[in-house]
Protein chains: 2
Amino acid sequence: MWHVEAEGLIAHDVLAVVLRMAPSSPEVLLWQRAREPHSGRWALPGGRLGATEDVEVSVRRHLAEKVDLGEVAHVEQLSVFSDPHRGPAPRRVATAFLGLVPSDADPAVPADTAWHPVDALPETAFDHGEITRDGLERLRAKLSYTNIGFALAPEVFSISELRRLYAAALGHRVSATNLQRVLTRRGVLVPTGTTAAPGPSGGRPAALFRFSERRLRVTDPFATLRPPEGARDC
Amino acid sequence: MWHVEAEGLIAHDVLAVVLRMAPSSPEVLLWQRAREPHSGRWALPGGRLGATEDVEVSVRRHLAEKVDLGEVAHVEQLSVFSDPHRGPAPRRVATAFLGLVPSDADPAVPADTAWHPVDALPETAFDHGEITRDGLERLRAKLSYTNIGFALAPEVFSISELRRLYAAALGHRVSATNLQRVLTRRGVLVPTGTTAAPGPSGGRPAALFRFSERRLRVTDPFATLRPPEGARDC
DNA sequence: CGAGGTTTTCGCCTGTTGGTCGAAAACACG
DNA sequence: CGTGTTTTCGACCAACAGGCGAAAACCTCG
């Protein structure tokens with residue numbers, strides 16, 4: 001260790017806020033640190049940025065150590081955390097990502113790793129609690145104007161299930177009627193034609209749907225300032 | 001220089017895409033490199049992340065070398081650019097920011113620095129062209145669902161001027177009628193009660209407005225999935 | 001000082017979107 | 001075959017945005 005900071009060289013980490021919707025609340029994937037600093041506290045998956053990878057490749061590599069990557073339906077960059085005092089020296093800068101796991105997936109995880117409800121986090125390492133809340137906030141915002149729900153839902157699902165997922169993520173009730181109409185009109189939801197078996201207590205069998213696309217797309221953003229009728233440049 | 005990359009230590013830069021709306025198109029602030037690599041090409045303002053600052057403090061510090069910070073009305077983080085081949089070795093990771101300068105500001109800039117129209121960039125250094133386009137894209141998106149226009153407009157302005165700014169940023173015509181109504185209803189625009197002097201060729205004097213708040217705020221995001229009437233959690 | 005030109009502002013109409021409610025449909029069970 | 005349960009659908013309404021054209025307020029020039 002020499003004058004590394006005088007050299008302006010800094011350790012760069014990547015971190016992932018991996019969320020999954022439990023029946024009525026969001027959960028985040030955390031692992032318990034066994035070494036100092038912050039031994040015993042719970043941390044986000046992640047690690048050092050490697051010499052030959054960009055941050056997204058890196059976060060996927062580190063994530064693969066904690067969870068089956070095939071179960072992670074979506075990954076996107078959140079932001080950089082670089083407060084010089086965000087952890088004990090030496091200084092570290094981290095690029096945080098948001099990862100989403102469908103509600104029907106239950107990937108195997110190592111012994112030190114577990115899901116924790118976001119609204120009742122255990123003692124977290126460094127600023128990982130704050131980063132987690134940032135991740136949930138991003139998810140909430142994007143649920144309104146993108147098709148990002150595809151990453152929370154199973155391949156096929158009923159409107160009731162989807163309603164439950166949206167309600168869990170957003171933290172407030174969601175109207176099934178409205179959800180179906182809006183998402184259908186936007187073209188993100190398509191009926192499969194099949195129906196699910198009714199629950200144990202009866203009830204009309206639910207029609208099953210799927211997302212038309214399983215990649216992130218912003219659904220027609222705000223109407224305001226939309227290009228005028230003839231979509232001509234000015 | 002030792003095995004720095006084996007150490008996982010990486011040079012971290014900050015960069016700023018500073019945009020200003022010329023009469024009919026967006027311009028970005030660039031400076032011409034005088035040294036290798038990429039000598040002669042045009043680059044975004046920025047530099048090394050310092051040991052005692054976070055990325056936002058850092059980008060403001062570097063920006064101050066190229067332009068009067070008092071004229072920059074808004075700064076926000078864009079994203080991290082970390083492709084191992086985004087520039088010649090040694091490897092560099094950069095956090096990019098978006099900065100906005102009101103149309104009536106004309107800050108003094110150094111001799112090597114100038115405004116360039118975004119749709120006709122000169123030969124840019126590294127990936128700075130791509131980063132610039134990312135910045136403009138972010139601005140366009142946020143114009144629709146935030147009050148970010150405050151950072152493009154003078155303190156007080158007429159609807160016509162504002163219409164021009166929005167049209168320049170968005171790249172398509174904008175209806176003055178609609179712009180005024182929508183922004184007023186959202187509460188981001190408030191009339192000052194004063195009027196501007198008519199132009200040289202006459203015409204009705206324009207009423208002057210100001211933004212109700214000169215800090216970024218998201219104006220009621222999508223109606224979809226808005227909490228139901230009684231804004232109660234679930 | 002009035003006519004014609006210019007720019008801004010305002011009102012009206014229309015189409016779309018989202019929120020709400022309640023009835024109807026489709027199932028299980030006794 | 002009624003009752004309870006769950007899902008689905010239609011109808012209504014309020015809010016919002018886009019478009020248009022008339023009216024308002026100013027100029028200059030004859």
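One cavity of 30 Å³ or more is counted by the rule used here. A cavity is a set of points, on a 1 Å grid over the protein atoms alone, where a 1.4 Å probe fits but cannot get out. Grid points are joined across faces, edges and corners, and a volume is the space filled by probe spheres set on the points. The model is predicted: local features need pLDDT of at least 70, side-chain atom pairs count only at pLDDT 80 or more, and totals for chains, interfaces and linings use all residues. Residues are numbered from 1 along each chain as its sequence is written, chains are lettered from A in the order in which they are written, and side-chain values use heavy atoms, with hydrogens and water left out.

The largest cavity has a volume of about 40 Å³. Its lining (residues with an atom within 4 Å of a point) consists of N147(A), G187(A), V188(A), S212(A), E213(A), R217(A) and T219(A). By class, one lining residue is nonpolar, four are polar and two are charged. Here Ala, Val, Leu, Ile, Met, Phe, Trp, Tyr, Cys and Pro count as nonpolar, Asp, Glu, Lys and Arg as charged, and the others, Gly among them, as polar.

Chain A has four helices and ten strands, taken as DSSP runs (H or I, at least four residues, for helices; E, at least two, for strands) numbered from the N terminus. The order of elements in chain A, from the N terminus on, is β-β-β-β-α-β-β-β-α-β-α-α-β-β. Along the principal axes, the C-alpha atoms of chain A fill a box of roughly 65 × 60 × 30 Å.

A helix pair is listed for each chain below. Axes are lines fitted to C-alpha atoms, for helices over the stretch in contact, and angles run from 0 to 180 degrees between N-to-C directions.

| Helix pair | Axes come within | Crossing angle |
|---|---|---|
| α2 (residues 128-145) and α3 (residues 159-170) of chain A | 9 Å | roughly 135 degrees |
| α2 (residues 128-145) and α3 (residues 159-170) of chain B | 9 Å | roughly 135 degrees |

In contact (heavy atoms within 4.5 Å), L136(B), L139(B), R140(B) and L143(B) of α2(B) meet Y166(B), A169(B) and L170(B) of α3(B). This contact has six nonpolar, no polar and one charged residues.

In chain A, L136(A), L139(A), R140(A) and L143(A) of α2(A) meet Y166(A), A169(A) and L170(A) of α3(A). Six nonpolar, no polar and one charged residues make up the contact of α2(A) with α3(A).

Key:
On a 1 Å grid over the protein atoms alone, a cavity is a set of points where a 1.4 Å probe fits but cannot get out, and a pocket is an open set with protein on both sides within 12 Å along at least five of seven lines; lining residues have an atom within 4 Å of a point.
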